[in-house]
Amino acid sequence: MNPKVAKLVLGAGILALSSLLSVPSRAQDADATLSGTITDVSGAAVPNAKISIKDVSTGQSTETQTDSAGHYGALNLAPGDYEIAVSAERYSTNTVKVAVAAGANKTADVTLAGVLSLLDLGISPEQAQGTAAAQARLNKRSHMLMLHQRFGLIAAIPLIATVATSFGAGGRSTSTADRWAHLALGSATGDLYFTSAYFAIFAPKIPGTHSRGQIRVHKALAWIHGPGMILTPILGAIAFDQKSRGERVHGIASAHGAVAIVTAAAYGAAIISVSFKF
Amino acid sequence: MDRKIILALFLLVHPLRAAVDSQWVLEESTLTYHVSHPLKQTEGVSHAAKGKGVCHAGQCDFLIAVSVKSFDSGDSNRDLHMLQVVRGGQFPLITVRTHLPEDASSLATILADLEVQFAGQTVQYRQIAFQHVVKGDDTVITGTIPLTLTAFKIDPPTLLTLPVKNEIPVKVEMKWRPER
């Protein structure tokens, strides 16, 4: 190799090596350590406490935990402001702020409060802890009632149409087509209604709860529109049969219209009673 | 047996008692959550909170717990829906922990750092202001905890496809009685 080139390479190597060595030594000068002891209010050490040391300026955190004597330590910290969050089971999390100077060995002891437990409030572990099954029951209930609501609202559409077509189906001048249209819409209403009712009736009950508020009105109205939804098609079938034979609607079947109107009104009121809530 | 030995044994099996200088007991409470929706405002109230505070070496540690189920909005159907939404079947309690210097009881406004456990999540709230009034033997604390649904990973319930607001502030009114 050319001696000049060799000298140049050697010089560059020495420069690179010296710069590599000088960087950590500068960093070591600036780096600080943070250590301390975590105790409870009685002064006892808290082992296995989780320590999160957050650099306030960068938001970066260093995680560590206390040893059996409650000691913790963190090395190679840049100078600056830090937030130390200490958490441990059965204790409330405590956060302290410390300023760490360049190269300092900062001590930050933290006291954890939290010797109180739910038992001190007279709450047993059974009362404090729910179950996945209880939550699943609530979820199922909400899901079924959501379906009840949707089918119920959809049923209102053919219900209105059934009422609207009743004038053509039940008056003096009626046509067979009007009666069939009325029958078809009424059947669709019934199907949707009973599907909706199924989800309400079989939604899981939550033990220890009693109906309060608007839902009581909603449930009370079901005692009107429920039997009405059974009675109306029965009376309607008799009236349909009488009309089809060319007879005037008579006897018990003549109550079909009145029962249907009361049923539809109760149904509408039931929807309104729970419409403006969540 | 020597009385001192009995006392020592008693303190040994009751470390909490040994460390405590004074206690506070929650006598009465009214907690009210407020839910806002573009079409409706709703409030749910609970008077069922239980709470206790213990003080030692100038520091007081408080724990308050309330059952999610105890909140009453006036409609059981809505309350059960809320119970489901906030995962109350699995996490039936809301607990709040805080610790304060014992001399905070002399201040008209107390700034407290709260640790709230709710819906299976733990969230820290810093420097929440509570007003503090002494009435006879009792100390009445009032304030509002600014809970949000997202902080507790709760999906907001909807009405007519519109979700409720994320903020569900909980107004707190508590009457504490010291026990020494």
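Two residues are in contact if their C-beta atoms, placed from the backbone, lie within 7 Å. The structure described here is a predicted model.

**Contact between the chains**

By that criterion, the contact takes 36 residues from chain A and 40 residues from chain B. On the chain B side, the elements that give two or more residues are helix H2 (15-19), strand S3 (50-56), strand S4 (59-67), helix H3 (76-85), strand S5 (93-101) and strand S9 (158-159) of chain B. H3(B) gives the most to this side, with 7 residues. Sorted by class, the side of chain B that touches chain A has 16 nonpolar, 15 polar and 9 charged residues.

**Chain A as a whole**

Chain A has 6 helices and 8 strands. Along the sequence, their order in chain A is α-β-β-β-β-β-β-β-β-α-α-α-α-α. Of its 278 residues, 27% count as buried in chain A.

Two packed helices are described by the angle between their axes and the distance between the axes. The table gives these values for two helix pairs.

| Helix pair | Angle between axes | Distance between axes |
|---|---|---|
| H4(A) (residues 176-201) and H5(A) (residues 214-244) | about 160° | 11 Å |
| H5(A) and H6(A) (residues 256-273) | roughly 155° | within 7 Å |

Angles over 145 degrees count as roughly antiparallel, so H4(A) is roughly antiparallel to H5(A), and H5(A) is roughly antiparallel to H6(A). H4(A) passes H5(A) in a left-handed crossing, and H5(A) passes H6(A) in a left-handed crossing.

On H4(A), the contact with H5(A) is made by A:Arg179, A:Leu183, A:Gly186, A:Gly190, A:Tyr193 and A:Ala197. H5(A) contributes A:Gly226, A:Met229, A:Pro233, A:Gly236, A:Phe240 and A:Lys243. By class, the contact of H4(A) with H5(A) has 6 nonpolar, 4 polar and 2 charged residues. The contact of H5(A) with H6(A) divides into 15 nonpolar and 9 polar residues, with no charged ones.

The buried residues of H4(A) are A:Arg179, A:His182, A:Leu185, A:Gly186, A:Thr189, A:Leu192, A:Tyr193 and A:Ser196. Among them, A:Arg179, A:Gly186 and A:Tyr193 also take part in the contact with H5(A). The length of H4(A) can be checked against its residue count: at 1.5 Å a residue, its 26 residues should span 38 Å, and the end C-alpha atoms are 36 Å apart, which agrees.

**Positive phi angles in chain B**

Most residues other than glycine have a negative phi. B:Ala119 is not a glycine, yet its phi is positive, about 55°. B:Ala119 sits in the loop between strand S6 (109-118) and strand S7 (121-135) of chain B. A residue with 20 or more other C-beta atoms within 10 Å is buried and one with 12 or fewer is exposed; B:Ala119 has 19 such neighbours inside 10 Å and therefore counts as partly exposed.

B:Gln127, also a residue other than glycine, has a positive phi near 55°. B:Gln127 is part of strand S7 of chain B. B:Gln127 counts as exposed because it has 8 C-beta neighbours inside 10 Å.

Note on methods
Residues are numbered from 1 along each chain as its sequence is written. Chains are lettered from A and ligands numbered from 1 in the order in which they are written. This is a predicted model: local features need pLDDT of at least 70, side-chain atom pairs count only at pLDDT 80 or more; totals for chains, interfaces and linings use all residues. Axes are lines fitted to C-alpha atoms, for helices over the stretch in contact, and angles run from 0 to 180 degrees between N-to-C directions. Helices (H or I, at least four residues) and strands (E, at least two) are DSSP runs, numbered from the N terminus. Angles under 35 degrees count as roughly parallel, over 145 as roughly antiparallel, 65 to 115 as roughly perpendicular and the rest as oblique. A crossing is left-handed if the near helix is turned anticlockwise from the far one by less than a right angle, and right-handed if clockwise. Ala, Val, Leu, Ile, Met, Phe, Trp, Tyr, Cys and Pro count as nonpolar, Asp, Glu, Lys and Arg as charged, and the others, Gly among them, as polar. The expected span of a helix is 1.5 Å times one less than its number of residues.
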